Amino acid sequence: MNKFKLVSKFKPAGDQPSAIKQIVENIRTSEHQNAHQVLLGVTGSGKTFTVANVIAQINKPTLVMSHNKTLAAQTYAEFKSFFPENAVEYFISYYDYYQPEAYIPQTDTYIEKDASINEHIDRLRLKATTSILSRNDVIVVASVSSIYNLGSPSDFKDMCVVLEKGRIINRDFLLNELIGIHYERNDVEFIRGKFRVHGDIVEIFPANSETAVRVEFSGNEIEKITEINPLTGKSLTTSHFPLPAFYIYPAKHFVTSRQKLEKAIEEIRRELKGQVQFFKNQGKLLEAQRIEQRTNYDIEMMSEMGYCHGIENYSRHLSGRPAGSRPPCLIDYFPHQPGFLTIIDESHVTIPQIYGMYKGDKARKETLIDFGFRLPSALDNRPQKFKEFESLVGNVIYLSATPSDYELKKSKGVIVEQIVRPTGLIDPEIVVKPIHPVRNGVSRRDISNGVKNQVDDLIAEIEKRVHPVRSGTSCYDTSNGVKNKERVLVTTLTKKMAEDLAEYLYEKKIKVKYLHSDIEALERIEILNDLRKGNFDVLVGVNLLREGLDLPEVSLVAVLDADKEGFLRSETSLIQVSGRAARNINGFVILYADNITGSMKRAVAEMDRRRKKQLDYNKKHKITPKTIVKKVFDLEEFQYKAKQDSMLLIKEDISKYSAKNISQLEKDMNNAADNLNFELAAVLRDKIFELKEMQVDNKRKI
């Protein structure tokens, strides 16, 4: 399919129809072929749905850039639901943990690159680039990692191994082709990026896929191609309709032909010779020896294996680029004709991130080069400079409720407002409460002494929403018919405060979790889904609770220490965090502050302006506001099977098991251990211990 097909039971409403029409016209008008425009959409106004309609009408490949992995995952899930028949892909950094290579001269400390690669995300990245190169109906939702060096798209495409029924090819030649694109033979462990051989049958597990392919030979001819389940080996292709062809893309993005590799090694040796001489002329004999030893080792690895640790640092030579030229990135994989559309989500945060990437990377690498750890060409393995990024994108739509000066200037006044929500919801009311109310003439701060401070008041407000009966009051207007408990977001200034507050609320019998940047990307997604499902009621965080988190169950947002003027309490931040309560009819925001700052005044004034426009629209069109109802997305891409199994067991009610059940659990535990599923086996073991302890306690009572 080469045409986008939007699937949704909803139709554009509120400001959406006019916004869609304006944006499409701006792109299609000849004078706006390289149009930059701003979609100033308030939280909950359906910016993603508006953009989905634009994509369906423009019908071009689309890159959607987000400033963090959590928001990217949420946006990816939404586009997957809107375009189920098209290729919607996910491209973020594949590191669960990443320590870049660095050197600290002051302490003579060399820090070797250390990283933990997430196999799930690695597959999704390869799948994304494969889709871009093989079809036009593709949407890639990416983080700012999309501006980093990725390897040549032409090499990646040219080295694709084509399997066609009836193709004449020697089996051993095919195996050598697979090895050349970084596949490995393994007849025991059949996982992504591996292949195995059984006589005239070759089975390949593509690095970008969850299924494998079986290739059956008859002499030197490919007789049959079948898609198979990599675990069971069972065919997923009907015998009546075998695959006519299958494309095996490289297992890594940094890939090159043997001829290019040999030429690159010559260039690396030439550069090494010059750098060694440079150090010797400077009297830096240690640095000269170090760079010579390290580089020769890498050259030997590339010669023998076709790959080495840190090969990306030689990418300029591998791709044959001149010194100082920019490296290819994900954006280069998109077609120049007919062109593509770029969406920058939460642009007021994403743009500064893109701008700052290059300089930080450059400073670290220059130190490595100066002390003989890397060749000067390592500087050309880098993120794009901001000017380079601007030159790569054509039609750009900046999405933000609070666009910055850059977007406003770049769009030259082309601003599309989307303030009225399809649901009729209005911006939440904002109330300012003191942090330290004075009791008996003394201002107190200790959260443990029972004084009515911001934390005590927060607990009372939480109780109204998650336990309206227990608190004796209800924050709900009974005329709305709202009966279900709702969720609460609390934003603090630091990670430590978030953790301490979450612990304190937990001690007060409140179901709570915290969320900050130290938590892995996939775990963050799971936490947000658990909040929406009601597995807990209160989420405490720092900066991650601001832009783009789509949580319609949240009715209260509380901002602690709102008068601490700065980045986290700026006008933009306060508007954004307040917007998290804008998807619920009972939306309410509390700013805890002893003083009213300029940022607070401006934020409240802007929210009041929007509220007035929304109320006038509702009154004119006789609209009754409704809370947004949105499905919780459980995408397979973000799940760990062992962890899911473990969580299901943990949630089981232990009291319903008997001695007979214990016997069955012991069998399940042994089976799990035999299958090397040790995480599940450990959970079963712990459950057995709990059941046995419960039986002992019951006997004592008798």
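**Close-up views of a predicted chain**

**Figure 1. Overview of the chain.** The chain exposes about 33400 Å², and carbon and sulfur atoms supply 51% of that area. Accessible areas come from the Shrake-Rupley method with a 1.4 Å probe, and for residues only the protein chains shown count as cover. This is a predicted model: local features need pLDDT of at least 70, side-chain atom pairs count only at pLDDT 80 or more, and totals for chains, interfaces and linings use all residues. Residues are numbered from 1 along each chain as its sequence is written, and side-chain values use heavy atoms, leaving out hydrogens and water. The chain holds 22 helices and 26 strands. Both are DSSP runs numbered from the N terminus: helices are H or I with at least four residues, strands E with at least two. Of the 702 residues, 53% are buried. Buried means under 20% relative accessible area, exposed over 50%, and partly exposed in between (1.4 Å probe, protein chains only). Among contacts between residues at least 6 apart in sequence, 73% join residues at least 24 apart. A contact means heavy atoms within 4.5 Å.

**Figure 2. An open sheet of 6 strands with parallel pairing.** The strand order is β19-β26-β25-β22-β24-β23. Two strands pair if DSSP finds at least two bridges between them. β19 (429–433) and β23 (512–515) stand at the edges; each has a single partner strand, so one side of each lacks a neighbour in the sheet. Neighbouring strands are turned by 20° against each other on average, direction ignored. β19 runs parallel to β26 (residues 588–592), joined to it by 5 bridges. Lys 433 has Tyr 592 of β26 as its bridge partner. Helix α14 (residues 454–466) packs on this sheet. It touches β19, β22 (487–491), β24 (538–541), β25 (554–559) and β26, and its direction makes about 170° with that of β26.

Figure 3. Leu 163 counts as buried because its relative accessibility is 1%. Leaving aside neighbours within four places in sequence, Leu 163 contacts Leu 174, Ile 204, Val 215, Ile 222, Ile 225, Pro 244, Ala 245, Phe 246 and Ile 248. Tyr 247 is 84 residues from Leu 163 in sequence, yet their C-alpha atoms are 6.1 Å apart.

**Figure 4. Packing of helix α2 (residues 47–58) and helix α3 (residues 69–82).** The two helices pack at an angle of about 50°, with axes 11 Å apart. Axes are lines fitted to C-alpha atoms, for helices over the stretch in contact; angles run from 0 to 180 degrees between N-to-C directions. α2 and α3 are therefore oblique to each other. Angles under 35 degrees count as roughly parallel, over 145 as roughly antiparallel, 65 to 115 as roughly perpendicular, and the rest as oblique. The α2 and α3 crossing is right-handed, meaning that the near helix is turned clockwise from the far one by less than a right angle. From α2, Thr 48, Phe 49, Val 51, Ala 52 and Ile 55 make the contact; from α3, Glu 78, Phe 79 and Phe 82 do.

**Figure 5. Positive phi at Asp 561 and Lys 622.** Most residues other than glycine have a negative phi. Asp 561 has phi near 50°. Asp 561 lies in the loop between β25 and α18 (571–578) and is buried, at 3% relative accessibility. Lys 622 has phi near 55°. Lys 622 sits in the loop between α19 (598–621) and α20 (641–651) and is exposed, with a relative accessible area of 78%.
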